Amino acid sequence: MAGSPKYELAWIGDKVETDFKDIQISAKDLVACQGEVGDFILTCNDRNNPAKIEAANIIINLPYQEEPVIEGADSLLNDNYYLKDDEPAIIVQDYPDLSPAFISKVALKRSLEIKNNYPDQEVYYLYQAMRFLEDNDRLYEEARKAGIVFLKFDIGQLTVSEDLKLSYEREDIELELAGTILAAPELKPADQTERLARIFNLVDGYQDYLQLDNIYLQPTQSGRRGVYLLRGSRGPTALTYYKEELDFTLGEIAKNLTGVNEIDDYERTIDDQKCIVCYTCYRVCPHGAIQRDDELNSMKIMELACQGCNLCISRCPTSAIEIDHDYFTEADSEDKTNLIICENSAEIAAEKYNSMTGEEPLSGFKEIVVPCVSTVERKNIIQLLASNSADIMVLGCVAEACKHLTGHDRCQQVIDRIKEDLEKLDLNKDRVHYQRLSPRMATDLGGFLADWKEAVIQ
Amino acid sequence: MIVGKLKDVNEIKDSLPDDLDSLLIAGCGSCVSVSLAGGEREAESLKNLLDFYYQTNNQEVSIETETIKRQCDDEFLDELELAIARNKIVLSLACGVGVQHLAIKYPDKIILPGLDTTFYGRTSDIGEWEEMCHGCGKCILDQFAGVCPVARCSKSLLNGPCGGSQDGICEVDDDIDCGWQKIYDRAEELGQLEKLLDFDFPKDWSTHKDGGVRSHKDPEFFQE
Amino acid sequence: MAEYISKLQQLLEEGEFVVCSEMGPPIGADPDFIRKKADFLKGYVDAVNITDNQTAIVRMSSIAAAKIAADEGLEMIIQATGRDRNRIGIQSDLLGASALGLRNVLCLTGDHQCFGMDEGAKNVFDLDSVSMLSAARSMVDDGILLNGKEMDFPPKLFLGGAANPFADPFELHMMKVEKKVEVGMEFIQTQAIYNLEKFDRWMEEVRRRGIHEKCYIMAGILPTKSVKALRMMKKHVAGMDVPDEIIERMDRAEDKKEEGVRMAVDIIEHVRKIEGVRGIHLMPVAWEEITPRVVEEAGLYPRPEVSER
Amino acid sequence: MTRIGVIGGGIAGSTVSVELAEAGFEITLFEKAGEIGGQVSEFGCKATDICTRCNLCLVDSVFNQLNQDSKIKINKGHQVIDSYKENDSFTLYCEEDGNEKVYKGFDRIVLATGYRRWSELETGTPEIFTDQRIIWSGEFEEMLFKRRDYLQNKDLELDIDFKPESAYFIQCNGSRSPQEKAAYCSRVCCGYNYRIARVLRENYPELELGIFFIDMQESGFLTDLSFQKLIDEEIKYFNCKPLRINKRDEQIEIAYEDQAAGEMKKVKTDLLILSEGIHPGKENELWSKLFNLQLNSDGFLEEINPGRETGVYLAGTVSGPGDIATTISKSKAVANKIIAAEKEVVI
């Protein structure tokens, strides 16, 4: 992209002042995103931005959509509210469901603000649980001292009528409250979220947010390197740790700018003669690391974006993707049980068990270590089944702790299909096993393999 | 594109003769690869599976696989010439077109279908396809706001929905959307509601297969 | 027009509140099966529908069964569906029916074969209800077939169609009813009514569009004595709207049979008062023998005699 | 080559060390204990039918990288007792089983000495430490660490010689309790004890379970924790802190004031689990003097001026309570600040 300046950071949605060379693009105008961390190319159609923008990192920072929970009441979050002087102010949070912690911070400040603007005004604060954040446990003490009436309600004890009459019923008290209600709205995923998920090819998020609910993505990663998510695009509690999340994200971008290197050092190439551009690899890749190469009219793996899970290889219908490594080296003929283990869970658990007990849990098995169980293809399993009479155990990760987000499910699908096919051919399908565990189940794994070794091997 | 589904592996095995000693599995690299049913990976996995089956039942069968770009053009079939010569039986993973094209080109060979070809469809999700067109030979999409009643209504009704659709779901199956609900929604969006029922029925089905097996000559190659 | 095509048409023309019922032909060839059913209906109904492989289940043909029942003195309404025959078959059936003196026909699209026991059958649906009505109209009025051929002796048929007041999208279904009237439908038999509120609203829209002046509307009544049947209809019969209160009412009732009759009579009394409803169509499921009692208790017995034309 | 001195070998110190080593810095890690790992090294996985995202899985790969990286020198059994800064270079004086060791020439120091559990303090209720029916939630970690219930589907082996039919949790011990001079809320214990309750529920479906909250806190990345969820999972909850615990023959009796009913109520349990707040580390006071840091009213450390200028950074719970996820992400942020400061990229 000769000539057009390369930005260090592109904000999709709202911008925060930083010292990075950055540009702001509105989500509505964004049309496409190509490239990878360090070299994204964003296409957008709005007058004051060039059509193609080159950026090294991307932050999607969109506000929540606010859905009022009480028809006709003001929102707690908007600052211009109007109090009639003879009526009390009633702050309501956690209605009907618990509000995120950030809301109690806003509510406490609002209650204090009302108390000193309207000193002789009665202020009620209705809540299910006072959630603390930074210093707002002090705000809570201050608010109580300032005479704000705190009423804790449990599920079912608070109802609001059409004409905004609040009835608060507990076994010992029954209260009818009327006045200006400031209610915490329900926070919903940002507008445009679905569209942006398509544009950035992100794995479907949690509750329609952009971020999948997975520990490797916390706090603001998106599964695609260099693309970060904040506030209404990230998740339901993104405002609670907003400062830390922003700090973390800008730190990551600063580090990226000092240079990004490949995560996986195996060489994966797509044969453009065999590739039929069916987009299966593009859709199945959890890290958005594949895009179409217009000249070659073939898909292309972006080295820096690729995180090495091999899902593309295992699902390409024309076997067009090669890797300069074979995880399933010649299966030795000995009748050893084949143990296909993921390097993020079973391998670490086995090492931990060894360091705790000195025993080798994997000894007696033929160990095949893969970066993710999503590397496993049907042919691998069937060839192993054909190579000797031993069983095959595949050990993947528990769902939300899979480094490659969908690898654990993709492997389950492959294994289930193999078992169905074996059953249809009256072949023994019980030789194939799939278990999911976490790296902290060392003793469990050690014991499990020991029992299994007795049952299977002898 | 043409969408197909690999036959159940036991069906494939049962279609092979008991005294089988050699087999060619011919994959097709176009439509059925895109619909993940009959490409090189499926051919290879099927070979592995059948190898394992015959090995377990100690039956000597040599299975080879070959995948070509398309099985509906002669020139690509030439690439299979040698492999076909080596085998009496060919299991084609192409759609029904490829299977029959091989049968035409190699009259002395048994050509077996490995796929159940299903419909012309779009990819609606990864690994999921939906029927969109029946190839009725006379497109009427302009009159139904871009949603085909022939392909997407289970009864191909042309004058509005049957009495059985409810909440946009077809009476036949909860997983099937009522085609007419889709026609109605889109026509309403485009403001074409009034002329929705102006179709001069009944439809002339002679352009469909009902009019006899069809072929088509490009006028730029054939003068009347 | 002095000369009426059918007794049903004459009754409607003369302003009678007609009562139709329904008879399912046997899965077999026994003519007496029809005659027995015809016997206990005689005198209680003005005309009887004879279904055409209802829910795609193979039964004796509608025309044959209708002829047997007609010979017992009943006014019959045959049904023609687009599932099992193409335009050639349907037109030839209509000619045959007219020749046999069967003068009322209900043109239906037909249930999908997945509801019967022959899901593997190839369906036709060359004509749907609208195109069928249009073809029949031009056969009767202009004496020409769909292919334009003139007939020496055109058929005489009183044409009817179905309508589902509870199906959505409401607007589209209403457009379809209007289309059917436009192409020549003379009477309507509606889906079974349990949701009176929705039926009132449908009739309101029907009156607003003047449909009730162009064709006779008969309200579908489905008397039943079993809660299970009501639940099954609510969930599985496409296009049926069975409100929960109806199911609860039947659930609470000790004498289900009595409650079933009273429920049917209540609905009949309600629909009789609606402007534009010119009759009822009783379609009991597995309880055909209750029809006489419902007709009596709804105060619709005896049926009017029709003067010989 | 910039040399970094990291004090504290828990998850915070290790994360900073690994991130900086990857960026080419030379790291010397001081850990007073005999082993690297800190508090989390003994924590056990709390997955039941679902993974409850406690982020423990991230921990092991950090410690593995730490042990395998040649650019990180690890000094175990080293207690840092003094420090001296002279024209931008720090000298650290350590004690290793009795004798003093001096390490010179550090350009930057990262303090990651973590926190103390309430059970590690000797508070005024000694008998709590002896009664077998009252345990700290922290004691669950050993049981979970040696779990055999997930893959081998055996019963979770509780280190108590009786099988409880009921288990109750009491939140807010050691923090949000003014008498322990810890008015702040640790914000991790609610999510933490809910995860343990789930494990108990999974292994003992008939178990009667209840939790006493003052206010149920948001629990990090367990975004769906709510009262309704507790109801769905048949975990009773009480929105008040109990007044008294009495020992009645074999069971423990919890007396509490039911605000809704406005009267005193009692409930009996076989097992009482006390949540453990996050308490400031013992050495925080020392660090504030040695490295000129602010000790806030809760006893945690805060930077007076930014690390860029003082060369001293804080990572992890030394500067305040936090769960594993925020500790790791904040530690990465500290590492990124050091990398940026080194390369003059100002954030």
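How closely do the axes of helix α8 (residues 378-387) of chain A and helix α9 (residues 407-424) of chain A come, and at roughly what angle do they cross? Select both helices: their axes come within 10 Å and cross at roughly 45 degrees. Before going on, note that this is a predicted model, in which local features need pLDDT of at least 70 and side-chain atom pairs count only at pLDDT 80 or more, while totals for chains, interfaces and linings use all residues. Residues are numbered from 1 along each chain as its sequence is written, and chains are lettered from A and ligands numbered from 1 in the order in which they are written.

**Stop 1: two helices in chain A**

Helices (H or I, at least four residues) and strands (E, at least two) are DSSP runs, numbered from the N terminus. Axes are lines fitted to C-alpha atoms, for helices over the stretch in contact, with angles from 0 to 180 degrees between N-to-C directions. The angle makes α8(A) oblique to α9(A); under 35 degrees would count as roughly parallel, over 145 as roughly antiparallel, 65 to 115 as roughly perpendicular, and the rest is oblique. Their crossing is right-handed, meaning that the near helix is turned clockwise from the far one by less than a right angle, whereas anticlockwise is left-handed. Now show R378(A), I381(A) and I382(A) on α8(A), with V414(A), R417(A) and I418(A) on α9(A), which make the contact; residues are in contact if their C-beta atoms, placed from the backbone, lie within 7 Å.

**Stop 2: chain A meets chain D**

Zoom out to chains A and D, where 55 residues of chain A are in contact with 50 residues of chain D. On the chain A side, α4, α7 (346-357), β24 (432-437) and α10 (442-457) each supply at least two residues. The most come from α4(A), with nine residues. By class, this side has 24 nonpolar, twelve polar and 19 charged residues; Ala, Val, Leu, Ile, Met, Phe, Trp, Tyr, Cys and Pro count as nonpolar, Asp, Glu, Lys and Arg as charged, and the others, Gly among them, as polar.

Next, select helix α4 (residues 242-257) of chain A and helix α8 (residues 324-342) of chain D, whose axes come within 8 Å and cross at roughly 45 degrees. These two are therefore oblique to each other, and the crossing is left-handed. Among the residues in contact are F248(A) and K255(A) of α4(A), and A333(D) and K337(D) of α8(D). Colour the contact by class and you will find five nonpolar, four polar and seven charged residues.

**Stop 3: the barrel of chain C**

Move to chain C for a closed barrel of eight strands, running β1-β2-β3-β4-β5-β6-β7-β8 with parallel pairing. Strands pair if DSSP finds at least two bridges between them. Strand β5 (residues 158-163) and strand β6 (residues 187-192) of chain C pair in the parallel sense over four bridges. Pick A162(C) and look across to Q189(C) in β6(C), which stands opposite.

**Stop 4: chain B**

Finally, display chain B beside chain C: 23 residues of chain B are in contact with 24 residues of chain C. The chain B side has eleven nonpolar, nine polar and three charged residues. Chain B itself divides into domain 1 (2-118) and domain 2 (134-210), with bounds from an automatic or database domain assignment. Their centres, taken over C-alpha atoms, are separated by 37 Å.

Terms used. Contact = placed C-beta atoms within 7 Å.
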